[in-house]
Protein chains: 2
Amino acid sequence: MAKSKKSGKGITSREENYSEWYTDLVQKAELADYSPVKGCMVIRPRGYAIWERIRDALDAMIKETGHQNAYFPIFIPESFLKKEAEHVEGFAPECAVVTHAGGSELEEPLVVRPTSETIMYDMFGKWIESYRDLPLLINQWANVVRWEMRTRLFLRTCEFLWQEGHTAHETYEEAEAETLVALEMYRKLAEEWMAVPVFTGVKTDAEKFAGALHTYCIEAMMQDGKSLQSGTSHNLGQNFAKGFDVQFQDREGKLAHVWSTSWGVSTRLMGALIMTHSDDKGLVVPPRLAPDQAVLVPIYRSDEEKQGVLDAAAGVCDSLKKAGIRVFVDDRDQYKPGFKYNEWELKGVPLRLELGPRDLKENKVMIARRDTGDKAPASMDGLDKTVAGLLDEIQKNLFDRAAAYRDALTREVDDYEDFKKKIADEGGFAISNWCGEPACETAIKDETKATIRLIPLEKGEATGECVACGKEGKHRAYFARAY
Amino acid sequence: MAKSKKSGKGITSREENYSEWYTDLVQKAELADYSPVKGCMVIRPRGYAIWERIRDALDAMIKETGHQNAYFPIFIPESFLKKEAEHVEGFAPECAVVTHAGGSELEEPLVVRPTSETIMYDMFGKWIESYRDLPLLINQWANVVRWEMRTRLFLRTCEFLWQEGHTAHETYEEAEAETLVALEMYRKLAEEWMAVPVFTGVKTDAEKFAGALHTYCIEAMMQDGKSLQSGTSHNLGQNFAKGFDVQFQDREGKLAHVWSTSWGVSTRLMGALIMTHSDDKGLVVPPRLAPDQAVLVPIYRSDEEKQGVLDAAAGVCDSLKKAGIRVFVDDRDQYKPGFKYNEWELKGVPLRLELGPRDLKENKVMIARRDTGDKAPASMDGLDKTVAGLLDEIQKNLFDRAAAYRDALTREVDDYEDFKKKIADEGGFAISNWCGEPACETAIKDETKATIRLIPLEKGEATGECVACGKEGKHRAYFARAY
């Protein structure tokens, strides 16, 4: 027997092995590839074009909310990392270190940034003098490096692309409000653009960012019932301000340390996108993020038919483009229509239009949806509106479908045997009471592989005793196995 | 006596010390700053916003000409660099090297990319099978590192941001045509967006890219008469294809190595922009690239006046925004109008609108141009058209002014004594015959500090004997001292 059953497209089925399905799909759909540098990926054009759209959507929100982009060095003096105790502990084991440059050994090794708090705060200290310079609202799009032993394309790679917001404020309250502004941007990005429903909430101390007072997050559920942390927003308190001596003259003329935040999402979002919507036939992408929203496949048997069909196809394509739809004609002569259908299914084009001589005669075009597989004829009259309407429908259907799937696997569980069984057999989220003790949290993790993904901002208080230890409950938390 | 005379803005005058003027301006206008990592800069929000506009303008052209963006790892195995002999010789001395990662020493050191030919060709070899896969037209926006000893903000930094196009073709001719497509994009970017006039041509062997058959370039002249290489496009022949064994099955079914190109522009363009247009008062930015195209400064003496003026200012601002003009009201209460005028002159806002109670009564607004300093009243009626027209005029004036300045300092010189005098006393370009001998080129450089910036694509043939050695002339070249 073969080790795994792959489809004609070379993709393992989800049922057979979800993890292999994912890796096959990412490579076969030409989203990303392994590079010769262990743990580092190449983001191929089809993957990068989706990432560009995610980036542009978020970048617009970041600017609308008053933040400005900047760029800080990729190298950080090793000593900087050590100025915040929890921070260095969290990141030092993952650092890549430059020891030589320009042909000689450096006096002080340089760390390739795993995140930029330390290098930014050193500059913030130079720029901030008084409360008039606050809030300072900076964002950076950059590559970062965290040396991981076990990597997976997009989900966990030694180098990844991300944005990191870093802000400084006069008060704790303002910093706290900022972390929630960032969290809301991430929720909107996930739900409205990626069609990925997310839960929002706060992390436990065990799961928070190294150096933060507390960390907010968005968590999405993948098709295999595991949770994927998709974005985080940290209230850093005055920890970094004190480490880097970032002080300002306050409204009373006294010196005070700034209150700061940081928040980021990364190319990991590509993993969330893929594992929320795609299927055994290949990639499924929400229309708002699809580089190509529709492909038109011309169908003909003779040279005579060919010219008429191609001319009509060009006309349809033009009129759709005028309506703002991203469409192209696949007029490659060496491939049969069936081959093309397969290819664009694999690569996730939301709509396929088929146009042959008979369609032309009947003034219609056949339209197939990637999300449902439904296929129906549509009149050439008002085709731009029909196509735009279908794209909206697909966007909505993908979100609704994912939300329904997630909600069916999200349930309140108040019995530990039931908890263990549900986590092991079905996956998904268990909403359960927790005593608030890190030791209990660890014990649950050791026994079930489930961690507390978040404590929701509303209804986060316990309704009874801890699901695991039976002591007095403190929080009502979302537990799941996670990526 | 003080070491240097600085203006009230803290900027050395250009006449006194051009180099200090540049560094003062970049920092005072908050475009960039020195970082704690030697040789690496921080690009501040005002600088980054201009860079984003340069990037977006070029990115649109790159996509229009059929290229796709992708992302490759920042790390390159040291052995890769050695696969092309000239390439390693050119770049090895400048490399930053990661020797440790994840807490242990790496088996093979990783070089932080100084350019990505080698890592890309390794992947191209996996992706390209037949002529149907060609041309492969890839572009990457990324940070690169070249360890320089003497650095200057934007012009020469250890880390910089750039785009690098990398393409593979079936034939030499197609690769050659591609290098010229890239060159033309760079010319358009420089002239139409940055308002920086450039000469285009080919480099001599001494000045070409390490590993290329030949290198095309755009060269701009700065206000101090020195040339700045602002973009390069390389025909790489089959050098990298052979080094990385990138072969394809050609139309006859035979295996052949691809022909390839690479081309790039970087944050160095920011230096070209600044040193072409700015003055002793601060930054001058062409309106197409200015993040803020106009600032409206309200003028009032009493609280009574204030409300009326601010309301009117908001109305003007809204109507200009509706016309697509990037405008803001500087309503900061703690500063006087004169202070604001100074600040926005320093920071390079192309137009300043002044609005006071008398202007309001007369239904007009005072408009001051940053490029000429001219100031004149304009009617409130049709103000959006007036402002849009002025922005176009400024864009054109900046280009024309820079072209006139450059052309006055670009002259044919056929006598070596005259050549030496002109280069030393006036700077600019000397167009002179050259014998084609590298030894003669070096001798000229040693004696005059002038190098051959380019041989033009048209009229590049010598008209007489070599200006320096008197031997038979081969090329008519553009000589200049350069950054």
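Reader: How many helices and strands does chain A have?

Author: The secondary structure of chain A comes to 14 helices and 23 strands. Helices here are DSSP runs of H or I with at least four residues, strands are runs of E with at least two, and both are numbered from the N terminus. This is a predicted model, where local features need pLDDT of at least 70, side-chain atom pairs count only at pLDDT 80 or more, and totals for chains, interfaces and linings use all residues. Residues are numbered from 1 along each chain as its sequence is written, while chains are lettered from A and ligands numbered from 1 in the order in which they are written.

Reader: What share of chain A counts as buried?

Author: A residue is buried if 20 or more other C-beta atoms lie within 10 Å of its own, exposed if 12 or fewer, and partly exposed in between; the C-beta atoms are placed from the backbone. In chain A, 48% of the 483 residues count as buried.

Reader: Which residues does the contact between the chains take?

Author: Two residues are in contact if their C-beta atoms, placed from the backbone, lie within 7 Å. Chain A gives 39 residues and chain B gives 39 residues. On the side of chain B that touches chain A, the elements supplying at least two residues each include strand S2 (41-43), helix H2 (45-64) and helix H5 (117-127). The largest share on that side, 6 residues, comes from S5(B).

Reader: How do the residues on that side of chain B divide by type?

Author: Ala, Val, Leu, Ile, Met, Phe, Trp, Tyr, Cys and Pro count as nonpolar, Asp, Glu, Lys and Arg as charged, and the others, Gly among them, as polar. The side of chain B that touches chain A has 25 nonpolar, 8 polar and 6 charged residues.

Reader: Which strands form the open sheet, and in what order?

Author: Strands of a sheet pair through backbone hydrogen bonds, either parallel or antiparallel. Two strands pair if DSSP finds at least two bridges between them. Here 6 strands form an open sheet in the order S4(A)-S6(A)-S5(A)-S5(B)-S6(B)-S4(B), with antiparallel pairing. S4 of chain A and S4 of chain B stand at the edges, each with a single partner strand, so one side of each is left without a neighbour in the sheet.

Reader: Where do the two chains meet in strand pairing?

Author: Strand S5 (residues 96-101) of chain A pairs with S5(B) in the antiparallel sense over 5 bridges. Val97(A) has His100(B) as its bridge partner in S5(B). S5(B) also pairs with S6(B), antiparallel, over 4 bridges. There, His100(B) has Glu105(B) as its bridge partner.

Reader: Is S7(B) enclosed or open, and which strands pair with it?

Author: Of its 10 residues, 7 are buried, so S7(B) is largely enclosed by the rest of the structure. S3(B) pairs with S7(B) in the parallel sense over 2 bridges. Gln68(B) has Ile138(B) as its bridge partner in S7(B). S7(B) and S8(B) pair in the antiparallel sense over 10 bridges. Asn139(B) and Gly165(B) are bridge partners there.

Reader: How does the span of helix H12 of chain B agree with its number of residues?

Author: The expected span is 1.5 Å times one less than the number of residues. Helix H12 (residues 383-408) of chain B has 26 residues and should span 38 Å; its end C-alpha atoms are 37 Å apart, which agrees. Its buried residues include Leu383(B), Ile394(B) and Arg406(B).

Reader: Which residues does the cis peptide bond of chain A join?

Author: The bond joins Leu134(A) and Pro135(A), with omega about -5°. Pro135(A) lies in the loop between helix H5 (117-127) and strand S7 (136-145) of chain A. In chain B, a cis peptide bond joins Leu134(B) and Pro135(B), with omega about -5°.

Reader: What is the phi of Phe154(A), and is the residue buried or exposed?

Author: Phi of Phe154(A) is near 70°, a positive value in a residue other than glycine. Phe154(A) sits in the loop between S7 and strand S8 (159-169) of chain A. Phe154(A) is buried, with 25 other C-beta atoms within 10 Å. Lys449(B) also is not a glycine and has a positive phi, about 65°. Lys449(B) is partly exposed, with 13 other C-beta atoms within 10 Å.
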